[in-house]
Amino acid sequence: MADTTWGYVLSALALLLFTVAILTTKAAARRIPLGPGFMIATVVNVVFAALAVTLQLGLRIDPLQWNLQALALFAVAGGFSTYLGRWFFYESVVRFGPAKASIFQISSPLFTAVMAWLVLGEGMTGVLAFGMLLSIFGLMLVSYKPGFFSRGPSETSAQAGLHQRLLQSVFLLGLGSSLAYAIGNVLRGSAVRSWDEPVVGALAGAACGLILQLVFNTGKHQSDSNVRLREWKNSDRRGVCLYVLIGICTISAQMCVISAMRYIPLSVATLVTLCTPILVFPLSHLIWRGQDDITATTLAGAGLTLLGIFIVVTR
């Protein structure tokens, strides 16, 4: 299999894994609050990645050659993606639904392309740019609804502080997630191209994300988190299992994306991976009936997205 084809296969696999994680998040949050659930998923990220690294080291013939600079890039990327990006995104999934939250991730390839051009010198042809923009416009149509960018503030939200107002803004949450993921993608792409160890890199990023989660989970919110942790420990095992599945899916998807960046441009790998609305929207409609309608606009957006991806792949 050609290197480019292998890169697209890995990106498509990551797309499927992220889709499962997004849909599972909505169901899991109904059983266990997002705070302790996010901690479960992050711990599973580290444990599963550590098991994968152990298996890889046991099967490989040549010893692992360390690259501390690339390892540091992987770790910092984990801080942006595993902690910041995922927190912003999962918060928007729970507050606004998986379909609406997914649409904001589609701007990540644009941020990634610009950053990769500035930092890594990655080229961007006119055909590739047209295909990406066509796909992104199609994805916007897939999830668009009237009043998408506005939420009428309720009496409660009008009296809320700045922190609560930010959490009630789907635009700010989505944009924060997109930027965080884009920065993480560029850092990972730079690292894997100088040190072809995507599994070890995923472990470094997951470990950094877990450390940040532990650090920022202390202080005034610690007692509340402890109460929530006791709640899920004593009550809902199925919710724990759902977050475990989310953790396995997300870290596996990260390994696939990092590997794909070795063979195809960062922006292309990101574009294919983040086409989750194409799968999330119809599946969300089937699972949670009545919440999202599939309209002619949705179908047109799906068609434009697939056409744009076809242009990108066959450019």
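Predicted model: local features only at pLDDT ≥ 70, side-chain atom pairs only at ≥ 80, totals over all residues.
View 1. Leaving aside residues up to four places away in sequence, Glu-197 touches Gln-56, Arg-60, Leu-64 and Phe-74. With Arg-60 there is also a polar contact, made side chain to side chain at 3.1 Å. Glu-197 lies in the loop between α9 and α10. The relative accessibility of Glu-197 is 8%, under the 20% limit, so this residue counts as buried.

**View 2. Asp-196 in the loop between α9 and α10.** Asp-196 has a relative accessible area of 39%. This value falls between the limits of 20% and 50%, so Asp-196 is partly exposed. Asn-67 is 129 residues away from Asp-196 in sequence. In space, the C-alpha atoms of Asp-196 and Asn-67 are 9.8 Å apart.

**View 3. Packing of α2 against α10.** Two packed helices are described by the angle between their axes and the distance between the axes. For α2, which spans residues 34–59, and α10, the angle is about 150 degrees and the axes are 9 Å apart. Angles over 145 degrees count as roughly antiparallel, so α2 is roughly antiparallel to α10. The crossing of α2 and α10 is left-handed.

**View 4. Residues where α2 and α10 meet.** The α2 side of this contact includes Gly-35, Phe-38, Met-39, Thr-42 and Val-43. Further along α2, Ala-49, Ala-50, Ala-52, Val-53 and Gln-56 are also among the residues that meet α10. On the α10 side, the residues include Val-199, Val-200, Leu-203, Ala-206 and Ala-207, as well as Gly-209, Leu-210, Gln-213 and Leu-214.

**View 5. Cys-249 and Cys-256.** Cys-249 has a relative accessibility of 7% and counts as buried. Cys-256 is buried as well, with a relative accessible area of 10%. A disulfide is a covalent bond between the sulfur atoms of two cysteines. The structure holds 0 disulfides.

**View 6. The whole protein, for orientation.** The protein has 15 helices and 0 strands. Of its 315 residues, 50% count as buried. Among contacts between residues at least 6 apart in sequence, 91% join residues at least 24 apart.

How values were computed. Residues numbered from 1 in each chain as written. Heavy atoms only, no water. Helix = DSSP H or I, 4+ residues; strand = E, 2+ residues; numbered from the N terminus. Buried < 20%, exposed > 50% of the residue type's maximum accessible area, 1.4 Å probe, protein only. Disulfide = S-S within 2.5 Å. Polar contact = N/O pair within 3.5 Å; in protein donor to acceptor, adjacent residues only side chain to side chain. Contact = heavy atoms within 4.5 Å. Axes fitted to C-alpha atoms, helices over the stretch in contact; angles between N-to-C directions. Parallel < 35°, antiparallel > 145°, perpendicular 65-115°, else oblique. Left-handed = near helix turned anticlockwise from the far one by under 90°.
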